[in-house]
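Dear colleague,

Please read them with the structure open.

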Amino acid sequence: MYKPRKIEDSAEAENGKDVPWRAVTLAHSQILGKDAPEPARVEEEAHHRLQRGDGLRERFDEWRHNTSEKIAAIDIAPDLAEAIGSRRWFRGLGTMLALSAAALAFWPDFSPVEAAPAMDIDQTSRDEFRSQMIMPLALGADSGRHMGATPAVKELARAPERPQLMLVATLSQGDSFERMLQRAGVGSGDAQRVSELVARSVDLKDIESGTQVDITLGRRVSPGTPRPLDALNFRARFDLELAVERNGDNLALRRIPIRVDETPLRIRGTVGQSLYRSARAAGAPASAVQQYLKALGEQVDMDRSVRATDTFDMIVSYRRAATGERQAGQLLYAGIDRGGQPNIQLMRWGKDGRFYEASGVGEQRSGLVRPVPGSMSSGFGMRRHPILGYRRMHSGLDFRASYGTPIVAVTDGQVSGAGRMGGCGIAVRLSHGGGLQTRYCHMSRLAVRSGQNVRRGQVIGYVGSTGLSTGPHLHYEMYRGGRAINPQSVNFVTRAQLEGEELRRFRESLIRLKTVDEGAALADLERTPVEMVDEEPAREIDKVDQPKKVG
């Protein structure tokens, strides 16, 4: 079986020379040795061992191994981000939808599980338990309702009424005080009596709309009758509170005066980039800032004469009530300190509320107010008349304006004529003194009457197209001594000068007003001991009559 391979260079080996190693092949008998069994015997023993190991468990392991290899070879969940639109992608999409449907099909149910009662209870006991349970009404609970009825419960002939009703009524605009009380549920007799009592202290017409009235109604004397008025309380004025209380069968009025401090509010600050925003940031009311800008605008050019480094100074009428309410009124003083230029000091004075300078000179109004907001379409001079067709003198200015636009007086004056005036149509003529007159033509309707005094900026009529007119516009004329002049060549200045005793009282008031400290009116009023006691809330225990001690 084994044929030994000849070794070359045997002579060299015999002579003691080194012979290089060479690979040889061993036979099967050489590996097993002399005592090795015969091959046939080995195969027979292996066959018997395979027969003994080929049991149920070995077959199951073999089947599981083969099945796992087959399942691993299947691409069950391909990546849907790859090869979109291919057969493999659609197969993965189908797998995802199938798994989602299976998950939804096996979604658990979250409905409450009904547990067996701990003990057997009858229907009466169950109703009693349900009446005391705290659970949603939608699930059949009686939380917040009456207790479960028992045979001992008897129905009432009628439900008892509350002993008192407390409500708040609001006086609306255009409503009367008595009608407001009746709508709130006060009987007509009590409402009339309360109105008479309140009218003795304040005029019912002076009660501002929006005033809230606290009303307390008592128990009805008999079914179907209105509840009697037990008490009524409201703020009639800023410094007065009225309370109506029942004393037996009569109603009595109680006046509650409220202490009010009328220290004016003075606000100062730097003009900055915007005078309006700076004044508002300093705490000035919006209405007072508007009055301030209007008063100064009549004296100086706000855009050119007022710089960002100037200091504004305004004093506003201000009232503080001891109860904490505050009320800001109209502007009393408007001033501005300009570095390097004369300061401006204006104070409101007189019945008409006009601002006067510190020297006693009233408002100086320079320039004409434009009678309408539209632009000028035709000037003063000779032109071809658009209707008559020939050249004639155009003795005024034409302003573009739409139909119905308000027309205002350019300055103070008296209405010397109002009505139809030939080709001028419906017109108004004003006399301004010193032989000066103005006329406003082609109106649609009038807003003044003859003999009436008007002020600068007051509406005297509305734009129309009456008389010789081709469309809605305003024709404005000015006359001096009965002769037409160009309105653009005239600047009006309206002044009022204080003299004598009135000028002295004006200057004294100005000096006294300027002594007001900045921001002093913003502090809270110190309450008197009586006011502190009145503000303490009444305790319910104090309303209970305490038993008298017998000593």
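**Salt bridges and their surroundings**

E477 is buried, and R439 is buried as well. The side chains of these two residues, E477 and R439, meet in a salt bridge with an N to O distance of 2.8 Å. Because E477 lies in strand β23 (residues 473–480) and R439 in strand β20 (residues 436–446), the pair ties together parts that are 38 residues apart in sequence. Please keep in mind throughout that this is a predicted model.

A search of the whole structure finds 19 salt bridges, and a few others deserve a mention. D175 and R183 meet through their side chains at 2.1 Å, N to O; here D175 counts as buried, at 16% relative accessibility, whereas R183 is exposed, with a relative accessible area of 55%. R57 and E58 also form a salt bridge, at 3.9 Å from N to O, in which R57 counts as exposed at 61% relative accessibility and E58 is partly exposed at 33%.

**The chain as a whole**

The protein chain has 12 helices and 25 strands, and of its 551 residues, 30% are buried. Among contacts with a separation of 6 or more, 57% are between residues 24 or more positions apart. The chain exposes about 37,500 Å², of which carbon and sulfur atoms supply 52%.

**A hairpin, a loop and a surface patch**

Strands β10 (residues 344–349) and β11 (residues 354–357) pair in the antiparallel sense over four bridges, with R348 standing opposite F355 in β11. The two strands form a hairpin with four residues between them, and G350 in the turn has a positive phi of about 90°.

T405 sits in the loop between β16 (397–400) and β17 (406–408), and T405 is buried, with a relative accessible area of 14%. The side chain of T405 reaches the backbone oxygen of S402 at 2.8 Å, and, leaving aside neighbours within four places in sequence, T405 is in contact with V372, P373, G461, Y462 and V463.

Finally, I71, I74 and I76 make a nonpolar surface patch of about 290 Å². Of these, I71 is found in helix α4 (residues 56–73) and counts as partly exposed, at 47% relative accessibility.

Methods
Residues are numbered from 1 along each chain as its sequence is written. This is a predicted model: local features need pLDDT of at least 70, side-chain atom pairs count only at pLDDT 80 or more; totals for chains, interfaces and linings use all residues. Side-chain values use heavy atoms; hydrogens and water are left out. Patches are made of residues with over 30% relative accessible area and no salt bridge: like charges are joined within 9 Å, nonpolar side chains (Val, Leu, Ile, Met, Phe, Trp, Tyr) within 5 Å. Accessible areas come from the Shrake-Rupley method with a 1.4 Å probe; for residues, only the protein chains shown count as cover. A salt bridge is a side-chain nitrogen of Lys or Arg within 4 Å of a carboxyl oxygen of Asp or Glu. Buried means under 20% relative accessible area, exposed over 50%, partly exposed in between (1.4 Å probe, protein chains only). A polar contact is a pair of N or O atoms within 3.5 Å; within protein, one must be able to donate a hydrogen and the other to accept it, and residues adjacent in sequence count only if both atoms are side-chain atoms. Contact means heavy atoms within 4.5 Å. Two strands pair if DSSP finds at least two bridges between them.
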